[in-house]
Amino acid sequence: MINTKPLFEYDLSLLDATTQSIAGIDEVGRGPLAGPVVTACVIMPYAEMIDGVYDSKKVSKKNREKLYDIILSKAKAVSISIRNQDRIDEINILNATIECMKESVSKLTIKPDILLIDAVKLGICPREMSIIKGDATSYAIACASIVAKVYRDRMMEDYAKVFPYYDFENNVGYGTKKHIEAIKTYGITPIHRLSFLKNIIGEEECKRIHTERVAK
């Protein structure tokens with residue numbers, strides 16, 4: 001089991017008379033060729049920690065699934081936001097991620113005293129900290145990382161049932177060899193990001209498909 005204590009202690013060091021609620025926020029899905037970007041924002045209690053919470057990429061799928069349920073059951077507040085492939089293509093992945101993160105914060109039922117963000121700067125909270133590798137540093141961010149990861153993975157597993165040739169249940173939209181071969185064989189799906197596919201299907205084909213999508 002991963003040692004959660006250093007992340008927990010990092011957050012505890014921020015608590016004082018003026019800081020009682022810490023919100024952690026993280027995103028999943030900036031790099032894939034298909035599917036949405038998902039952000040989660042959580043406010044956790046600090047009476048006790050949940051063992052094993054860490055960067056979701058470093059936690060096994062089995063443990064992520066267990067931690068996801070525990071985090072949701074114990075969190076003081078949780079919000080999840082999504083930006084789909086069309087919005088990503090429209091404003092680019094960074095702007096879509098920032099927009100998604102801001103929405104997640106705005107949807108919280110508790111106003112946080114401090115906002116901890118993995119790597120990105122939002123500029124929406126009087127006290128916020130952008131932390132490089134935040135999901136391996138802060139307990140709140142790590143909890144958000146797990147929530148966003150499991151939520152998005154489940155979305156991609158559902159998409160795999162609709163689009164069975166692309167191996168979404170395993171690659172969750174990332175550009176694996178099997179995924180790219182499927183694109184070349186069967187074409188793209190409605191959940192593919194055109195702005196990520198120029199080197200695979202060509203810029204002109206991306207423009208053509210974009211025109212068709214806008215016309216619908």
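This is a predicted model: local features need pLDDT of at least 70, side-chain atom pairs count only at pLDDT 80 or more; totals for chains, interfaces and linings use all residues.
**Exercise 1.** Find out which element gives the most residues to the largest nonpolar core.

*Solution.* Start with the core itself: it has 32 residues, and Met 44, Val 53, Ile 71 and Tyr 139 have the most contacts inside it. Two or more residues come from each of α1 (5-12), β1 (22-28), β2 (37-43), α2 (61-74), β4 (114-118) and α5 (139-162). The top contributor is α5, with 11 residues.

**Exercise 2.** Work out how α1 is oriented relative to α5, and which residues make the contact.

*Solution.* Two numbers get us going: the helices pack at an angle of about 120°, and their axes are 7 Å apart. Roughly perpendicular stops at 115 degrees and roughly antiparallel begins over 145, so α1 is oblique to α5. Now for the residues: α1 brings Leu 7, Phe 8 and Asp 11, while α5 brings Tyr 139, Ala 140 and Ala 142. Sort them by class and you get five nonpolar, no polar and one charged.

**Exercise 3.** Decide whether Ser 56 is buried or exposed, and list what it touches.

*Solution.* First, locate Ser 56: it sits in the loop between β2 and α2. Its relative accessibility is 2%, and the cut-off for buried is under 20%, so Ser 56 is buried. Finally, leaving out residues up to four places away in sequence, Ser 56 touches Arg 64, Ser 145, Ile 146 and Lys 149.

Notes. Residues are numbered from 1 along each chain as its sequence is written. Side-chain values use heavy atoms; hydrogens and water are left out. A nonpolar core is a set of buried Ala, Val, Leu, Ile, Met, Phe, Trp, Tyr and Cys residues joined through side-chain atoms within 4.5 Å. Buried means under 20% relative accessible area, exposed over 50%, partly exposed in between (1.4 Å probe, protein chains only). Helices (H or I, at least four residues) and strands (E, at least two) are DSSP runs, numbered from the N terminus. Axes are lines fitted to C-alpha atoms, for helices over the stretch in contact, and angles run from 0 to 180 degrees between N-to-C directions. Angles under 35 degrees count as roughly parallel, over 145 as roughly antiparallel, 65 to 115 as roughly perpendicular and the rest as oblique. Contact means heavy atoms within 4.5 Å. Ala, Val, Leu, Ile, Met, Phe, Trp, Tyr, Cys and Pro count as nonpolar, Asp, Glu, Lys and Arg as charged, and the others, Gly among them, as polar.
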